[in-house]
Amino acid sequence: MALFEYFPNYIWNLSVAIAMESGGRIGEIVDMCQPIKDAASSGADAGTPMFMAQWVAMADKLIDLADEDVAQGHAFSASDKLERASLYLFNAERMQGHGHPGRQATYGKARDTFDRSTALGQINRRRVEIPLVTGTMPALYTSAPGEGHHPVVIYCNGLDSCKELLYWSRLPEALARRGISTLCVDQPGSGEALRLQNLPVDPHSENWASKAVDWLEQQQDVDPRRIGMTGISLGGHFAPRAVAYEPRFASGAVWGANHNWAEVQQKRLKREGENPVPHYWAHVMWAFGASDMDDFLAKAEGMNLNGHMDGIKVPFLVTHGAKDRQISVDYAHDCYDQLVNSPNRALKLFTEREGGVEHVGADNMSYGRDYIADWFAETLRGQSA
C-alpha cells in the first residue's frame, strides 16, 4: 500500500490523498491537478495560489451543476455534487498561508456549501455549538439510529483538519452503524474556532473536552456512562490528555500517536520528517496565537504526554501507520508503554499487509476507521455486528 504520489512533494500529495479518501472523484482530481503539476516543482509553498484557483474552479462547476439538479427537483443528486464541492473548497483553503487573499472567502463558501448539502441530502449530521469559557466550540453531531440512550464518541481535529474532514473520514458513519453517535469538534486552534473566533490551541485539552462531555450529558439520546474520545493526527495528543484528566470518559483511542509534539517541532526545525501543510511555521504560529517563533515554541512546550498517560484508567487504543512520514512510530510505542493504569490497553500498527501505513492512513483510511470503530463497539458496548 502506498500514497498516491502525483506531485513531486509530499505536502501536495497528502492534500490529494485527503481529497481521495474523503470522497473526491479521481477524474475531477486529475482535472484539477494536471494544470498545476509543474507548479509543485518549486516547493510546497510557492504554487499554493494556483492550487486554490484550480480547486475552486472545479467546486464552482459542481455548484452550478447542483443548482441544475435542484431546479429539476433532484435534491439528492445536488447534495452529492455539493459534498464534493465543499470538500474541494476546504482542501483548497487548507493549502493556503494565513492571510492569503481569497482564503477567508473560500472557507466561507466551503461552509455554506457543506450546510446546503446537509439539508438537501438529509444527511445525518447536525451542526451544534458547545459553550466554552471563551467563545464556543462548533461541532457536528451524528446520531446513532434507533430509540433510547446511545454511547457517543467525541472526535477531535489534528493541527490542520476541520470537523467536516472528520465527518468525511467516515468514522461517524462506521460508529453509527455500530450503534454509537459521534460529536466531531472544531476545538480551539482548528476549524471554525480558529478561523471565525480566533481561539488558539489549548494544550490542556481536558478544558474543552470536558465542556463537550457537559453538553453530551444534556442530550436525551446519550448514555452519559458510555462516552469515549478519539482524535486524529495532533488529536493523538489531545485525546489521551483529555481522557487522562476527565474521569467521565469510559474509553479512548488515537488515530496517530502524537505523544511528544513539542519534540517533533525540534525535529522539524532540523528538517527531519515531513510537514502536513505548506507555510508550516506561519500556520502553527497562527494556530497557537504566537507572536513569533520563540513564543510558539514556548506555547508548544506543553505538548508532551510524558508523565500524563498514567492518568488513563479506562480502555485505550493506540493506532499508528508503520511508515508514517510525519510522526515517528516510536511515539506509538511510548504512548502504549505509558498506559500503565489502563485496564485494557492495545497497540495496532498498520503495515503493508493491510494498508494505512502512512500518517493517519492517508494511503487507505478504511483500516484505521474500522479498527477504531470496532474498539469503541467493544469498549462502549455498542454493536459489533
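Visitor: Which residues does the UniProt annotation "domain: Peptidase S9 prolyl oligopeptidase catalytic" cover?
Guide: According to the UniProt record, an unreviewed entry, that domain covers residues 211-381. Keep in mind that we're looking at a predicted model.

Visitor: And how much helix and strand is there over residues 211-381?
Guide: That stretch is 39% helix and 16% strand. Its end C-alpha atoms sit 23 Å apart.

Visitor: OK, switching to helices. At what angle do the axes of helix 1 and helix 4 cross?
Guide: Roughly 160 degrees, with the axes coming within 10 Å. Helix 1 is residues 10-21 and helix 4 is residues 75-94. An angle over 145 degrees counts as roughly antiparallel, so that is how helix 1 runs relative to helix 4.

Visitor: Is that crossing of helix 1 and helix 4 left-handed or right-handed?
Guide: Right-handed.

Visitor: Which residues make the contact?
Guide: From helix 1 you have Leu-14, Ser-15, Ile-18 and Ala-19, and helix 4 brings Leu-87, Asn-91 and Arg-94. By type, the contact has four nonpolar residues, two polar and one charged.

Visitor: New topic: how many bridges join strand 1 to strand 2?
Guide: Six, and the two strands run antiparallel. Strand 1 spans residues 126-131 and strand 2 spans residues 136-142.

Visitor: What stands opposite Val-128 in strand 2?
Guide: Ala-139 does.

Visitor: And which residue takes a positive phi in the hairpin of those strands?
Guide: Gly-135, with phi near 75 degrees. The hairpin has four residues between strand 1 and strand 2.

Note on methods: Residues numbered from 1 in each chain as written. Predicted model: local features only at pLDDT ≥ 70, side-chain atom pairs only at ≥ 80, totals over all residues. Heavy atoms only, no water. Axes fitted to C-alpha atoms, helices over the stretch in contact; angles between N-to-C directions. Parallel < 35°, antiparallel > 145°, perpendicular 65-115°, else oblique. Left-handed = near helix turned anticlockwise from the far one by under 90°. Contact = heavy atoms within 4.5 Å. Nonpolar A, V, L, I, M, F, W, Y, C, P; charged D, E, K, R; others polar. UniProt positions renumbered as here; feature names shortened; annotations may be inferred. Pairing = 2+ DSSP bridges.
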